[in-house]
Amino acid sequence: MNQVRRATLELLDLPVEILTYILGHLDGYELARARQVCHNIRHMIDSSSELSYSIDLKYFNSISFPSPGPDRTVSSLRKSLRQSEFAWQKAEYFKSNPISIPYIRRDAFMWSCGILAFKVQNENRLRLFQPQVTDSDHSNSTSLREWGCQLDSEFQLCGFSPAQNLLIFLVRAPPGESHAYDLIFRSLSEPDKVHPEAGSAAVKTLDKDDFELLDPPDVSSSIFGHYCGILFSDAFKVDVVLQIWNWKSQDTSLCLKPAHEIMDFSILTNEIILVVNSKELLLYSLVDFPDALHLTAKFSLPALRTPFEYEIVRIKDSVSSHSRMHNHIITINMKIFGEDLTNEPCVTLYVERNSLLNLQSTYTHRYGKASDSSPSLPWSEWGLKYTRSFRGDSYDSCKHVIFGLRAVSLFGSQTKHPVLRPLCIRDFNPHRVADFKAGNGIRWNQRLIEGESLSSSVDLFLKPLGYGLPYIETITEEKFLGLKLIVEGNKVMLLSFDFVGRLRSPAQAGRPHFVANEVVDQSIEILNFE
């Protein structure tokens, strides 16, 4: 009797093309684990530019930008990504020629994602600038793209999002209307035109009754995906109105007038909004928008000793990182007030966006469904492990500038008199930190910071501040003067200035004359980490 011999087909018996196709369905983390299975699979992954690039994107917390195409191969994109990351690690950059710009008051412009926007004083005109490096061969050649628009009436710039090509601003409603403002949706690239995807050119906002309480209102905004929000508040943050719109749908909005105060907010994802007050962070779900905002979790801020209190709490969320990163750092800036304080100390908390989102399940497991009356997760049970704290000056606009899991600051304190300061780069990428601790990677002028580092906080706080989020710190040898700093991709942009000291007369008779620094020229300086 003939016996049938069964052939066993093992995974590695498959053609390389089929194995590569199968592996291509794994994400970067899964591919990294697959490399540990055996030598053959490791060699197969390492020999594939596509699979290796997928691992690098996860390792460096990045999303492919620009996408591969006929003019950009996967190999060239991977090479560019690794070169730029090594440049950040070594603090190596090339400087472009400074670009002169018109003088702008510190409080009169908005600068984000490499675009500087400001309203021309006493004119209903908006101007936008975007500095650009004109050559890709590390030359010093730069140019300045300038555009703008003229409006028929007084307006207030609220914000813009290059990822959505969206520009929003407020215009006073015509007399006799029941609302106070119209929120206008324009194209950022062509601000004279309505955004082509907007559900309507403008939406009504802030009822006249609310406006009377808030006149004139302080305004802050946030844009993410299909959603944009405006927070209207009085100077003391007592009376607040938060309105959220799906700007791609006509008249689809939701108005939130909470029982508690709101000091600031940020739209973290297409489903979650982060709100902060003087006691806690709150997460709200947009799943049932526009019918309701559902409170999903509450997290206590670190408690202060008597008689200190939080005067201002602000969320600083990197707009561009939403579309370029898997995860990113959010900063919570807390300005502290107290009668015994000789200055205005500010403590900044760093927390990863994904950590906040994951902590929602921790909150629900302990307290069930969140409500206005439910307790907050105590600081000791989340803040110590998931945050990192820094102490500094509340008015320093060159501190804690975030792009993904990297933070850039001018090192040291900002003083009344301009002073040159080096650039401080902090890398919170856990993969980089783990490799650094294992002795891998570049170590020339870097140091690892972990554990408790803010010992001077004991005089203000009842409990220790967060000492999670270890990071690698690099400080440049070169020093800079800067009014404001932003990071966009692999570029650090500094709004720098030249100044002269002028002798000024005293305001009161009998007092001595004094020298005041006067800005005579402003320019944008670009540092390219490529």
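**View 1. Helices α4 and α5 pack side by side at an angle of about 30°.** Helix α4 covers residues 49-59 and helix α5 covers residues 74-90, with 9 Å between their axes. Helices here are DSSP runs of H or I with at least four residues, strands are runs of E with at least two, and both are numbered from the N terminus. Axes are lines fitted to C-alpha atoms, for helices over the stretch in contact, and angles run from 0 to 180 degrees between N-to-C directions. Because angles under 35 degrees count as roughly parallel, α4 is roughly parallel to α5. This is a predicted model, in which local features need pLDDT of at least 70, side-chain atom pairs count only at pLDDT 80 or more, and totals for chains, interfaces and linings use all residues. Residues are numbered from 1 along each chain as its sequence is written, and side-chain values use heavy atoms, leaving out hydrogens and water.

**View 2. Here are the residues where α4 and α5 touch.** From α4 come Ser49, Glu50, Ser52, Tyr53, Asp56 and Leu57, and they meet Val74, Ser75, Leu77, Arg78, Leu81 and Arg82 of α5. Contact means heavy atoms within 4.5 Å. Sorted by class, this contact has 5 nonpolar, 3 polar and 4 charged residues. Ala, Val, Leu, Ile, Met, Phe, Trp, Tyr, Cys and Pro count as nonpolar, Asp, Glu, Lys and Arg as charged, and the others, Gly among them, as polar.

**View 3. Turn now to the buried residues of α4.** They are Leu51, Ser52, Tyr53, Ile55, Asp56, Leu57 and Lys58. Buried means under 20% relative accessible area, exposed over 50%, and partly exposed in between (1.4 Å probe, protein chains only). These buried residues pack against α1 (16-23), α2 (28-34), α3 (39-46), α5 and α10 (430-437). Just after α4, look for Asn61, which takes a positive phi of about 55°.

**View 4. Ile472 sits in strand β27, residues 471-480.** With 1% relative accessibility, Ile472 counts as buried. Beyond its neighbours within four places in sequence, Ile472 has contacts including Ile425, Val433, Phe436 and Leu448. Gln446 is another contact of Ile472; the two are 26 residues apart along the chain, and their C-alpha atoms are separated by 6.4 Å.

**View 5. Glu381 lies in the loop between α8 (353-367) and α9 (383-386).** Its relative accessibility of 39% makes Glu381 partly exposed. Phe299 is 82 residues away from Glu381 in sequence, yet the C-alpha to C-alpha distance is 9.3 Å.

Note on methods. Angles under 35 degrees count as roughly parallel, over 145 as roughly antiparallel, 65 to 115 as roughly perpendicular and the rest as oblique.
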